[in-house]
Amino acid sequence: VNRSPAMRLLPTLPRPRGNVWIGLLVGAVVVVALAIFPQLVKKPYAINMGAMLFLAIIMGQAWNVIGGYAGQYSVGHAAYFGAGAYTTMMLLELNQIAPWWGIWAGMVNGVLVSLVIGTITFRLRGPYFVLASISMAEILRYGFLYFRNATKGAEGFVVSKMPKLEAFGATFSLLDKRTFYYATLVLALVAILVNWLVQRSKLGYYFQAIREDQDAAHSLGINPTFYKSAALAISAALTALAGGIQAMLLKVITPDGVFGIDLSVQVVLICIIGGIGTILGPVIGAALLIPLAEMLRNPRGLAQIGLVSADSGFVQFIEAHLSNAHLLVYGILVVIVILFAPDGILGVIRRIAARLRRRRASGQPAANPAGA
Amino acid sequence: MAFLQAVLNGILVGGVYALIGIGLTLIFGVMRVINFAHGELLMLGMYVTWILFDGTVIGLPWLHLSPFMAVLVVIPLLFLWGAFLQKVFINRVLNALPQNQILLTIGLGLIMSNAVLLRFTADYRILTGWKAADGSDWASSTFELLGLSLSKVNSISFLIAVAITVALYLFLIKTDTGQAIRATAQDRDAAQLMGINVKRMSVLSFGIGSALAGTAGALTLTTYYAYPYVGSVFNLKAFVIVVLGGMGSIIGATLGGILVGVTESLTGMVDSGLKEIVVFALFLALLLFKPSGLLGKSRM
């Protein structure tokens with residue numbers, strides 16, 4: 001009866017279902033295609049968008065752990081993103097510590113911040129938790145704006161000199177977007193793997209039990225505060241990592257940019273629109289929203305990769321009427337999803353697939369009555 | 001004396017904050033929905049007021065309607081807009097997960113702020129050249145009361161806010177419709193069994209709530225500037241006010257508004273950069289030690 005807690009948390013390896021191998025095969029093909037992509041398309045716009053997309057997948061997967069599995073709708077994930085971004089940036093600018101070490105320090109800091117925030121906010125439930133999570137991120141934002149001596153206030157930090165990484169007998173320039181493309185691609189795969197492990201481990205079942213009914217889970221011996229904190233720590237670690245990398249990719253950070261409520265909302269929307277509590281959901285959500293947002297923000301980039309010509313009516317229309325309003329599209333999408341497809345796009349796909357399967361199954365008994 | 005002055009200034013600003021809080025708490029009380037688009041409704045009120053003052057947008061450049069008069073236009077406009085939002089969107093998710101309700105209102109807020117951004121750009125809008133009849137600058141004129149110097153604009157805004165609050169109290173307490181709204185807030189199912197049309201009460205409440213937010217926007221524009229994302233500033237402030245007073249309690253929201261106004265004003269005496277931090281710290285402390293708010297019942 002006395003099993004150690006560590007033993008209970010080890011993932012129980014799943015028995016693969018029939019279509020798992022097909023899924024893995026498709027996934028592998030996609031990954032290989034994405035890995036070759038920068039060699040074929042050398043335009044920085046496309047590479048940059050790829051890196052932003054992978055970062056969004058990391059953040060979406062991170063939020064999924066706490067929001068999707070543990071059911072705690074944090075709208076304050078900017079706190080962890082900002083913790084990662086500022087740690088990495090300040091270590092580089094003030095202590096000359098290279099970012100490939102700094103991001104791990106940022107990750108640790110993100111987890112520490114999550115433990116503090118978790119202790120404060122997990123005593124609250126439902127809407128009160130949402131409000132508390134927002135205000136924690138806002139306190140950090142105002143704090144970073146206020147304590148100018150330490151944080152340079154609203155001005156923020158800019159990378160002044162980016163070191164070169166020498167490893168495996170090669171030199172990687174952190175000014176080259178391709179370095180970020182590959183780094184974020186690998187980390188996005190790691191984030192997906194983390195979600196997969198969480199979903200299929202006992203830890204994940206505890207999270208889901210808390211999501212479904214916290215009091216019932218508690219009465220069955222699951223310590224809600226402990227497991228919610230664990231979910232938040234995993235989530236914060238990945239989010240802080242994304243923050244550190246994005247700070248290095250964009251090379252400039254400000255409190256409003258990395259601690260802003262827009263960022264927290266955007267992460268939640270990626271998951272909601274894709275499908276909450278699923279592994280593919282955040283991937284679909286990010287794959288839909290990020291290119292759309294980048295396209296609306298800078299339609300000339302499409303011309304750069306040769307999809308449309310720079311003086312076409314399409315580019316001119318977007319520049320004249322829709323630039324700076326990518327959030328409008330987010331807003332419309334989230335309203336449509338909540339009203340008509342609360343399970344997200346993945347939910348819609350699954351429903352259609354199930355209907356097709358049923359139709360195929362119901363077609364058979366007509367030919368073979370014994371089959372029913 | 002400086003202390004008294006700061007408290008008084010805080011109370012004047014707090015009166016307008018109370019309007020924001022009362023709208024949000026009314027919506028929460030009746031629908032049990034936290035309206036994350038409340039700040040955006042306030043922003044719309046600001047823009048309507050600015051349009052009526054500036055006039056060029058509607059082809060009447062000579063208009064220069066005073067924001068205090070604009071309230072009379074803002075109230076019906078925002079009421080209709082709020083009722084529309086409730087009827088078309090919010091009514092459909094009343095039985096959905098609270099998270100989905102929150103996200104729906106966030107989405108509606110994004111649509112409102114970005115539609116305004118598209119139409120009016122991100123420029124800051126203020127009431128440029130708003131002069132009193134004798135040609136003096138409205139926004140900076142003051143008057144003396146018992147040795148304290150008070151801003152004229154803030155005092156008039158406060159009086160308007162008080163008048164509207166009192167009218168709302170009377171409506172909720174004295175009229176049949178007001179009682180029906182309060183009954184719906186108390187127990188939705190029981191109210192329905194008593195023959196109250198709860199959907200209609202919801203539409204009415206959301207309309208009143210957004211009219212109050214719009215009015216607060218009109219009054220805020222007298223001393224503040226409007227821009228498309230200004231809503232998020234007031235969203236957070238509205239949450240603080242409502243949680244301080246206790247979600248769903250109208251008297252609590254009135255108190256919460258005044259309390260936030262005074263806290264901001266007093267912190268501003270020390271260091272205006274600390275205002276928000278102190279207000280949020282107060283908010284968190286309250287969430288932790290008395291999540292039901294000063295006057296609310298426990299709803300953890």
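This is a predicted model: local features need pLDDT of at least 70, side-chain atom pairs count only at pLDDT 80 or more; totals for chains, interfaces and linings use all residues.
Modeller: A residue is called buried when its relative accessible area is under 20%.

Colleague: Which residue does Glu264(B) meet in a salt bridge?

Modeller: The partner is Lys237(B), with 3.1 Å from N to O. Lys237(B) belongs to helix α9 of chain B and Glu264(B) to helix α10 (residues 250–270) of chain B, so the two are 27 residues apart. Lys237(B) is also buried, at 13% relative accessibility.

Colleague: How many salt bridges does the structure hold over all chains?

Modeller: There are five. In one of them, Arg125(A) pairs with Asp215(A), and the closest N and O atoms are 2.8 Å apart. Arg125(A) sits in the loop between α5 (99–121) and α6 (126–146) of chain A, and Asp215(A) in helix α10 (residues 214–219) of chain A, so this pair ties together parts 90 residues apart in sequence.

Colleague: Which residues are joined into one network by salt bridges that share partners?

Modeller: Glu138(A), Arg141(A) and Asp256(A). Arg141(A) is buried, with a relative accessible area of 14%, whereas Asp256(A) is partly exposed at 44%.

Colleague: How should I read a nonpolar core?

Modeller: In soluble globular proteins, nonpolar side chains tend to be buried together. Here the largest nonpolar core has 188 residues, and Phe207(A), Phe36(B) and Leu104(B) touch the most other members. Helix α3 (residues 44–69) of chain A gives the most to this core, with 15 residues.

Colleague: What does Phe36(B) touch?

Modeller: Leaving out residues up to four places away in sequence, Phe36(B) touches residues of both chains, including Val130(A), Leu131(A), Ile102(B) and Phe239(B).

Colleague: What is the area buried between chain B and chain A?

Modeller: About 3600 Å², of which carbon and sulfur atoms give 82%. In chain B, Leu103(B), Leu118(B) and Leu288(B) lose the most area to chain A, together 15% of what that side buries. Across this interface the rule finds zero salt bridges. On the side of chain B that touches chain A, α4(B) gives the most, with 14 residues.

Colleague: Which strands of chain B form a hairpin?

Modeller: β1(B) and β2(B), with two residues between them. The two strands run antiparallel and are joined by four bridges. Thr142(B) stands opposite Ser151(B). Leu146(B), in the turn, has a positive phi of about 50°.

Conventions: Residues are numbered from 1 along each chain as its sequence is written. Chains are lettered from A and ligands numbered from 1 in the order in which they are written. Side-chain values use heavy atoms; hydrogens and water are left out. A nonpolar core is a set of buried Ala, Val, Leu, Ile, Met, Phe, Trp, Tyr and Cys residues joined through side-chain atoms within 4.5 Å. Buried means under 20% relative accessible area, exposed over 50%, partly exposed in between (1.4 Å probe, protein chains only). Contact means heavy atoms within 4.5 Å. Two strands pair if DSSP finds at least two bridges between them. Buried area is the accessible area (1.4 Å probe) that two parts lose on being put together, summed over both. A salt bridge is a side-chain nitrogen of Lys or Arg within 4 Å of a carboxyl oxygen of Asp or Glu.
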